[in-house]
Amino acid sequence: MLERLNQAMDHIECHLDQRIEVSDLARIAVTSEYHLRRLFSALAGVPLSEYVRRRRLTVAGAEVLAGERTLLEIAVRYGYSSGEAFARAFRAMHGVGPGEVRRVGASLQSQPRMSFRLIVEGSSSMRYRVVEKEEFRVVGRKARVPLVHEGVNPAIAAFIQAIDQDTLGRIHSLSDQEPRGIVSVSDDLDDSRAEGTELDYYHGVVTGAAVPQDMDALDVPAGTWAVFENAGPFPQTLQHLWRDVFTQWFPSNPYRSRPGPEILRIRLSQDAAEAEAELWIPVERTAL
């Protein structure tokens, strides 16, 4: 998988001055567009689209300094419809406009070319199981919240705190299948997975029961799920679990992620410092 991903990275480098289609990159990596975006973001720490943008502006910066093309020629070459649009993007990355760079020179930012390699540590193993699940629904309360990669998500924390105990009890009573009890469900995330982009967050249960009129519901079709278990400090262990699934498990197993909600069941210690977690990720099998 990593070898194919590096071939896709080579394709990006060879086509920085052309239109780069995610579908072409996914074909080279022999995976789906959805999984490629997810995997790249987890491995690189930045969305795929942002990496391509920064690489283009890095190479464009070198051309601005070289002075062999006009600024408009450079702008058009790297996909900008006008000199003004190029100047805005250039300044956002480099902190200085291309015209000023050409007139007086300046220090520029650089996005290094990325490649991926497997580091074998062998110090731990990941506990998982694969489950075939019939269609079900998530029932509870829903909020649109920003994505936070590290630490407690304040929007989610405030949303949960505002749900009264009676409502929580009624939600909990609807649980009738795995994963049992109150769960945290993330759905409709932006493809980029960039910090601050929004997602639908459900605080509810997995059930086949009817939906009460005062609650929200998410219908989930039948499919395959990879279920991961972990325990440790809260919330770092949970957030690292997501990272490890995409950086370690997927590259080592014949599965890829597929569109669908991600379900997290958490059991906190009394002081909320430790947590036991069960993470459900929708997957599909790939050829070996």
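Which residues in H1 meet which residues in H4? Met9, Ile12 and Glu13 in H1 meet Leu48, Tyr51, Val52 and Arg55 in H4, where contact means heavy atoms within 4.5 Å. By class, this contact of H1 with H4 has five nonpolar, no polar and two charged residues; Ala, Val, Leu, Ile, Met, Phe, Trp, Tyr, Cys and Pro count as nonpolar, Asp, Glu, Lys and Arg as charged, and the others, Gly among them, as polar.

The model is predicted, so that local features need pLDDT of at least 70 and side-chain atom pairs count only at pLDDT 80 or more, while totals for chains, interfaces and linings use all residues. Residues are numbered from 1 along each chain as its sequence is written, and side-chain values use heavy atoms, with hydrogens and water left out. The helices (H or I, at least four residues) and strands (E, at least two) are DSSP runs, numbered from the N terminus.

**Helix packing**

Two packed helices are described by the angle between their axes and the distance between the axes. Here axes are lines fitted to C-alpha atoms, for helices over the stretch in contact, and angles run from 0 to 180 degrees between N-to-C directions.

| Helix pair | Axis distance | Angle |
|---|---|---|
| H1 and H2 | within 7 Å | roughly 145° |
| H1 and H4 | within 10 Å | roughly 40° |
| H2 and H3 | 9 Å | about 85° |

For H1 and H4, the axes cross at roughly 40°. This makes H1 oblique to H4, given that angles under 35 degrees count as roughly parallel, over 145 as roughly antiparallel, 65 to 115 as roughly perpendicular and the rest as oblique. H2 and H3 pack at an angle of about 85°. That makes H2 roughly perpendicular to H3, and in this pair Val22, Ser23, Leu25, Ala26 and Ala29 of H2 meet Glu33, Leu36 and Arg37 of H3.

The crossing of H1 and H2 is right-handed; a crossing is left-handed if the near helix is turned anticlockwise from the far one by less than a right angle, and right-handed if clockwise. On the H1 side the contact is made by Arg4, Gln7, Ala8, His11 and Ile12, and on the H2 side by Asp24, Leu25, Ile28 and Ala29.

**The largest pocket**

About 1,300 Å³ of space lies in the largest pocket, a volume being the space filled by probe spheres set on grid points that are joined across faces, edges and corners. On a 1 Å grid over the protein atoms alone, a pocket is an open set of points where a 1.4 Å probe fits, with protein on both sides within 12 Å along at least five of seven lines, and lining residues have an atom within 4 Å of a point. The lining holds 41 residues, of which Val148, Leu238, Gln239, Trp242 and Leu264 lie nearest the centre of the pocket. H10 gives the largest share of this lining, six residues, and the lining as a whole divides into 24 nonpolar, 10 polar and seven charged residues.

**Backbone details**

Most residues other than glycine have a negative phi, and most peptide bonds are trans. The peptide bond from Glu178 to Pro179, however, is cis, with omega near -10°, and Pro179 has its place in the loop between H9 and S3. Val30, in the loop between H2 and H3, has a positive phi of about 55° although it is not a glycine.
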